[in-house]
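Have the structure open and follow along.

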Amino acid sequence: MSFYAPTEEHEMLRETARAVADEKIAPRAAETDETEEFPSDVYKSLVAADLHAVHVPEEYGGAGADALATVIVIEEVARACAASSLIPAVNKLGTVPLMLSASEELKQRYLPPVARGEAMFSYALSEADAGSDAAAMKTRAELDGDHYVLNGTKMWITNAGVSDYYTVMAVTAPGEGARGISAFVVEKSDEGVSFGPKEKKLGIKGSPTRQVILENVRIPATRMIGEPGTGFKTALATLDHTRITIAAQALGIAQGALDYALGYVKERKQFGKPIADFQGLQFMLADMAMKLEAARQLTYHAAAKSELAMHGQPQKDLTFLSSAAKCAASDAAMEITTDAVQLLGGYGYTREFPVERMMRDAKITQIYEGTNQIQRVVMARQLLK
Ligand code: CAA
């Protein structure tokens, strides 16, 4: 039996997610891109269908979907609207640090509201001068009695402002590098938390990206995720699971572009026949579908490994596979969406057709959760260690 093949339940979930995406999300995608507003109605539709945070375990009130099911949901939402797919993806990114390392008390307090759709959860690792070199962060958390006081500015935080909760990595032991970093839960309502203006981005415009500014934010020490000094490891261990969700997003964007292009070439006539009849274009379509399916199989394989690792069976190749899936799927998505624009010619270059947006949205998947250059560093380190 194939280790990573989706089951019948997975395919049923795909049908459900696709129906919601086709009906509620796709019709809003162009407008969301144009207005650059977070699509609250899409969030509500995802909550109504229980697709907003499917990964949350049942014991915390969630759907308890496995990693492959989560990938499928993100894929289907991204096929319609990449910005909206950051709702299930970032809810997972923000909460996996808790699932991996937090006390039972923190899990009981913060996971159920996410599962119920009452709160979203973001992840705050990067800073202005600590992007690829995440351990160079400057945000400080100083112990003061039974509280920590946080000061610093996190940057590029996806869904900042709309999320109620944030996993924040901060230095608790200066001079100790990666081992001096701890992870905390910070709430939007904590005194001293504010947000920078929305970044003006090339794509994923319906998902706000803002700084999270922390000024003397005093939080109980019990909000630390795991032990002091383990925050950086938790942050990287999280990415081992969630780079797979970015791969899923890339697959969805690419599938959306391929599907649109397939429809178009059968309709569009030049030289007296549908342009689908030209072998030069057929070869382009075949290459697009081939790259997509290769990236999909790698992503599903990585998801199966992630699921095992989440349940007490460490997978020594998860770090490699997660980086490989993210890198392969995002590079494929960039190529496929660019080719889709090419297949639509001048029309593809306008905002009258969705492939232009898909090409812009695809670009971020090569950048966030670690640039594809960092993914190659991670893969090479795994190979050579
Ligand atoms: N799991 C657990 N621990 C890990 C790990 C992993 N996958 N990889 C490394 N570690 C541990 C190491 O063992 C080490 O611990 P010890 O010293 O105790 O052995 C510690 O973490 C530090 O590791 P390195 O020395 O390898 O760290 P480094 O400073 O060289 O950095 C890096 C490694 C891979 C470059 C890392 O900094 C990195 O991944 N950078 C990219 C950052 C990134 O992906 N940012 C994404 C932001 S989130 C985002 O984009 C979300 C969004 O908007 C949607």
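Here is a short tour of the ligand and the residues around it.

Keep in mind that this is a predicted model. Start with where the ligand sits: the space it takes up is the largest pocket. Around the ligand there are 25 residues, and the ones that come nearest are Ser132, Thr158, Arg243, Glu369 and Arg381.

What kinds of residues make up this shell? Sorted by class, 13 are nonpolar, six are polar and six are charged.

H6 is the top contributor, giving seven residues. On the scale of domains, domain 2 (121–229) and domain 3 (232–384) each provide at least three shell residues.

| Residue | Protein atom | Distance to a ligand oxygen atom |
|---|---|---|
| Arg179 | polar side-chain atom | 3.0 Å |
| Glu369 | backbone N or O atom | 2.8 Å |
| Gly370 | backbone N or O atom | 3.1 Å |

How much of the ligand does the protein bury? On its own, the ligand exposes 1,100 Å², and the protein buries 73% of that.

How values were computed:
Residues are numbered from 1 along each chain as its sequence is written. This is a predicted model: local features need pLDDT of at least 70, side-chain atom pairs count only at pLDDT 80 or more; totals for chains, interfaces and linings use all residues. Side-chain values use heavy atoms; hydrogens and water are left out. A residue is near a molecule or strand if one of its heavy atoms lies within 4 Å of it. A polar contact is a pair of N or O atoms within 3.5 Å; within protein, one must be able to donate a hydrogen and the other to accept it, and residues adjacent in sequence count only if both atoms are side-chain atoms. Accessible areas come from the Shrake-Rupley method with a 1.4 Å probe; for residues, only the protein chains shown count as cover. On a 1 Å grid over the protein atoms alone, a cavity is a set of points where a 1.4 Å probe fits but cannot get out, and a pocket is an open set with protein on both sides within 12 Å along at least five of seven lines; lining residues have an atom within 4 Å of a point. A molecule sits in a cavity or pocket if more than half of its atoms lie within 2 Å of its grid points. Helices (H or I, at least four residues) and strands (E, at least two) are DSSP runs, numbered from the N terminus. Ala, Val, Leu, Ile, Met, Phe, Trp, Tyr, Cys and Pro count as nonpolar, Asp, Glu, Lys and Arg as charged, and the others, Gly among them, as polar. Domain bounds come from an automatic or database domain assignment.
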